Amino acid sequence: RSPDLTPLDYFLWGYLKSKIYVDRPRNVDDLKNRISDEMRRISPEVIQNVHEEFLNRLSYRQETNGWQFEQLI
């Protein structure tokens with residue numbers, strides 16, 4: 001449950017926020033549509049990079065025996 005370890009926390013939420021809130025969504029439906037559109041735009045290369053970073057973070061976690069590892073990133 002570490003935010004340093006979860007791809008949703010270290011990548012996806014910030015990425016989506018930076019894309020979606022360039023202009024303020026008009027309503028909840030607009031927000032939902034923007035989220036769906038941006039999710040579809042994420043390229044396979046970006047997903048591969050996130051996956052590789054996840055594996056790196058797992059190894060950092062092992063190096064610190066489960067303790068925080070922000071200082072290693």
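1. The axes of helices are taken here as lines fitted to C-alpha atoms over the stretch in contact, and angles run from 0 to 180 degrees between N-to-C directions. The structure under discussion is a predicted model.

2. The chain holds 3 helices and 0 strands. Read from the N terminus, its elements follow the order α-α-α. Of its 73 residues, 22% count as buried. Among contacts between residues at least 6 apart in sequence, 42% join residues at least 24 apart.

3. Helix α1 (residues 7-20) and helix α3 (residues 44-63) have axes that come within 10 Å and cross at roughly 150 degrees. Because angles over 145 degrees count as roughly antiparallel, α1 is described as roughly antiparallel to α3. The crossing of α1 past α3 is right-handed.

4. Which residues bring these two helices together? On the α1 side they are P7, Y10 and F11, and on the α3 side V46, V50, E53, F54 and R57. By class, the residues of this contact comprise 6 nonpolar, no polar and 2 charged.

5. The largest nonpolar core has 6 residues, namely F11, L12, L16, I20, I42 and V50. Helix α1 gives the most to this core, contributing 4 residues. As general background, nonpolar side chains in soluble globular proteins tend to be buried together.

6. With neighbours within four places in sequence left aside, V50 is in contact with P7, Y10 and F11.

Key
Residues are numbered from 1 along each chain as its sequence is written. This is a predicted model: local features need pLDDT of at least 70, side-chain atom pairs count only at pLDDT 80 or more; totals for chains, interfaces and linings use all residues. Side-chain values use heavy atoms; hydrogens and water are left out. A nonpolar core is a set of buried Ala, Val, Leu, Ile, Met, Phe, Trp, Tyr and Cys residues joined through side-chain atoms within 4.5 Å. Buried means under 20% relative accessible area, exposed over 50%, partly exposed in between (1.4 Å probe, protein chains only). Contact means heavy atoms within 4.5 Å. Angles under 35 degrees count as roughly parallel, over 145 as roughly antiparallel, 65 to 115 as roughly perpendicular and the rest as oblique. A crossing is left-handed if the near helix is turned anticlockwise from the far one by less than a right angle, and right-handed if clockwise. Ala, Val, Leu, Ile, Met, Phe, Trp, Tyr, Cys and Pro count as nonpolar, Asp, Glu, Lys and Arg as charged, and the others, Gly among them, as polar.
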